[in-house]
Amino acid sequence: MIVPHLPIIQVVIPLLAAPICIVMHRPLAAWITALIASWLTFAVAVWLLINVLNADAPILYSLGGWAAPWGIEYRVDTINALILLIVSGVSATVLPYSLASVRHEIPLRQHHLFYAALMLCLCGLLGIAITGDIFNAFVFLEISSLSSYALISMGASRRALTSAFRYLILGTIGATFILLGIGLLYMVTGTLNMEDLANRLPEAVPSRTVFVAIAFLTVGISLKLALFPFHVWLANAYAYAPSVVSAFLSGTATKVAAYLFLRFTFGLFGQVFSLSELPLESILTPLALIAMLLGAIAAILQTNIKRMLAYSSISQIGYIVLGFGMASQTGITASMLHLFNHALMKSALFLAAGNIIFKTGTANLDALSGIGKRMPITMSAFLLSGLSLVGIPGTVGFISKWYFLLAAIEQARWLMVSVIIFSSLLGAIYIWRVAEIAFLRPAIEPYSMKEPTSSMLIPTCVLAGSCVYFGLETSLTVSLARLAATNVISVEP
Amino acid sequence: MPSDVVIRTLAKLLIPFVMLFALYVQFHGDFGPGGGFQAGVIFAAGFIIYSLVFGFKNAKRLLSSALLRWLLSGGLLLYSGVGIACLFAGGNYLDYSTLASDPVVGQHIGIMLVELGVGITVFAAMAAIFYAFESSDP
């Protein structure tokens, strides 16, 4: 009885958890509600993924019993199922961590609001991924964005407020652009359903309205995605947000935006149209390459560990977009893999950074001298996921970079190959810098400290460990990513 | 608290009509223009006039922060609860037709309850924003 309703249950669980958190009011009760909700969500996501793989066809669900082109339809195929798994998986690992961390960073009287906002954000992100209706996707985008502005503004430092405000301005501009794009598409085709749109758009394609719609959508989603010229909000937002929020958003928000990008450019407009008739490929590829290099260089220059990780995210987003720009099956496979892998690595790194800040009270790199001896487990987890970011064999980062290289070599694009390798080397510099400070320098201060509580250590280690696990046991992720890629390419009209 | 008799008398005269109009917009929403969101905003406007004229302390006595919290989440819970009820009645999420034996009656009940949920939450949200400006306690 429950199986046909799984798609809606996926979204409704966090939606119900949010008001319950507020009613609970007590910090611990709110946390328990959020924890149970996000574990249930994760279980539902795994269940959905298994069903999709078995069913061999997308799972459809029409809300309110209204049939597809008119009503809102949820549509789960291998791509969304993978994104749902990433989002709910990250939130399920981050929530146990949040108990101690949030208690440390956020005043007690705001805890119920914090968890409610976190659940709403989770609900919005899952909703964007699962829905088959573009206007519904916009509504969920707003739910997740508004709650993430609130989440970021709860950071301990007062600079969190200005960074949240900047994100609010840019995010709202992005959302408005997306809405304009959706409106124009609706004007031309008279439908909001993605399947229906994909069928009707080819007829309407030579019109200028559609071109303008694509332009608005591309810019709007790129803002949410933090692609190179639109990345300015990301660094401060991640740097000053509470540690839990940095880890959660870095693993989920940009991934969902990347998914939306993929859905629009490939699913709606069709790969041939987006990338051959429009110069989207020649716009995306240079931007992605610049992002990869500049993000990594900016990361090297940072003195704040969380800002460093945020800039590294910008560089990694460049990789993901590069794969989209290549528009080959290997390219998309690499991007899908990197979506999954980067979520693991970056969440692990932000959790480890959160551990350090929890104990030392500072995110400044110079103050971390010799910390590897005080917090060996945290720093090993950091190093492990950092090496994965660089792309050392045996870790997840290697797998996705390998596929990126394959895709670039396939098309004989040697500039791309060299930028991929060079950017990875730059990654090695900033990760090595932290490792050198933490392990090789003497401890300057007698920190009377040890590792943080196990509720924070275990999630960090689970994520760092999964970086290695999925680096060695690649059959699941690679086959999923490949399935998703064929799915995207086959949508082509 | 402003002691101006004119303001106080006018407010007393005005508030019942504002709230009655809100209820009209709420429950007439499925025949005419209106609905939960507009009704919630109008109702909150009536409440805010009251607290501006008769003081924040009196308003708090009427609607405490705890009650506000319950209203805030209660509306949303009512909305999604109706959806869940439809699941248990054997339909899809928010498929109101399953709520009664006659699908038309079911649609009617469903939309009423959902809009009521929207109205409650919007009213509470507006009041909460007003409270947030008034004091530092959210």
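Biologist: How do α1 of chain A and α4 of chain B pack, by angle and axis distance?
Modeller: This is a predicted model. In it, helix α1 (residues 6-24) of chain A packs on helix α4 (residues 65-88) of chain B at an angle of about 155°. Their axes are 8 Å apart.

Biologist: Roughly parallel or antiparallel, then?
Modeller: Roughly antiparallel, because angles over 145 degrees count that way. The crossing of α1(A) and α4(B) is left-handed.

Biologist: Which residues meet there?
Modeller: From α1(A), A:V12, A:L15, A:L16, A:P19, A:I20, A:I22 and A:V23. From α4(B), they meet B:R69, B:W70, B:L72, B:S73, B:L76, B:L77, B:S80 and B:G83. By class, that contact of α1(A) with α4(B) has 11 nonpolar, three polar and one charged residues.

Biologist: And how many residues are in contact between chain A and chain B?
Modeller: 16 residues of chain B are in contact with 16 residues of chain A. The chain B side divides into eight nonpolar, six polar and two charged.

Biologist: What is the secondary structure of chain B?
Modeller: Five helices and zero strands. Along the sequence, the pattern of chain B reads α-α-α-α-α. Its C-alpha atoms fill a box of roughly 60 × 30 × 20 Å along the principal axes.

Biologist: What share of chain B is buried?
Modeller: Of the 138 residues in chain B, 35% are buried. As for contacts in chain B with a separation of 6 or more, 63% are between residues 24 or more positions apart.

Biologist: Switching to chain A. How do α3 and α14 pack?
Modeller: Helix α3 (residues 78-105) and helix α14 (residues 329-360) of chain A pack at about 0°, with axes 11 Å apart. α3(A) and α14(A) are therefore roughly parallel.

Biologist: Which residues make that contact?
Modeller: α3(A) gives A:L82, A:I86, A:V90, A:V94, A:Y97, A:S101 and A:H104. α14(A) gives a list including A:M336, A:F340, A:S347 and A:F358. The contact of α3(A) with α14(A) has 11 nonpolar, four polar and no charged residues.

Biologist: Now α7 of chain A. Which of its residues are buried?
Modeller: In helix α7 (residues 194-204) of chain A, the buried residues are A:M194, A:L197 and A:L201. They cover an arc of only 40° around the axis, so they sit on the same side of α7(A).

Biologist: What do the buried residues of α7(A) pack against?
Modeller: They pack against α5 (134-153), α6 (159-189), α8 (208-225) and α10 (243-268) of chain A.

Biologist: On to backbone angles. What is phi at A:A226?
Modeller: A:A226 has a positive phi of about 65°, although it is not a glycine. Most residues other than glycine have a negative phi.

Biologist: Where is A:A226, and is it buried or exposed?
Modeller: A:A226 is in the loop between α8 and α9 (232-240) of chain A. A:A226 counts as buried because it has 29 C-beta neighbours inside 10 Å.

Biologist: And A:A412, what is its phi?
Modeller: Near 55°, again a positive value in a residue other than glycine. A:A412 is in the loop between α17 (396-410) and α18 (414-440) of chain A. A:A412 is exposed, with 8 other C-beta atoms within 10 Å.

Biologist: Last one, A:T303. Where is it?
Modeller: In the loop between α12 (280-301) and α13 (305-326) of chain A. With 11 C-beta neighbours inside 10 Å, A:T303 counts as exposed.

Biologist: What does A:T303 touch beyond residues up to four places away in sequence?
Modeller: A:N364, A:L365 and A:D366. A:T303 and A:A367 are 64 residues apart in sequence, and 9.9 Å apart in space, C-alpha to C-alpha.

Note on methods
Residues are numbered from 1 along each chain as its sequence is written. Chains are lettered from A and ligands numbered from 1 in the order in which they are written. This is a predicted model: local features need pLDDT of at least 70, side-chain atom pairs count only at pLDDT 80 or more; totals for chains, interfaces and linings use all residues. Axes are lines fitted to C-alpha atoms, for helices over the stretch in contact, and angles run from 0 to 180 degrees between N-to-C directions. Helices (H or I, at least four residues) and strands (E, at least two) are DSSP runs, numbered from the N terminus. Angles under 35 degrees count as roughly parallel, over 145 as roughly antiparallel, 65 to 115 as roughly perpendicular and the rest as oblique. A crossing is left-handed if the near helix is turned anticlockwise from the far one by less than a right angle, and right-handed if clockwise. Two residues are in contact if their C-beta atoms, placed from the backbone, lie within 7 Å. Ala, Val, Leu, Ile, Met, Phe, Trp, Tyr, Cys and Pro count as nonpolar, Asp, Glu, Lys and Arg as charged, and the others, Gly among them, as polar. A residue is buried if 20 or more other C-beta atoms lie within 10 Å of its own, exposed if 12 or fewer, and partly exposed in between; C-beta atoms are placed from the backbone. The arc is that of the directions from the helix axis to the C-beta atoms.
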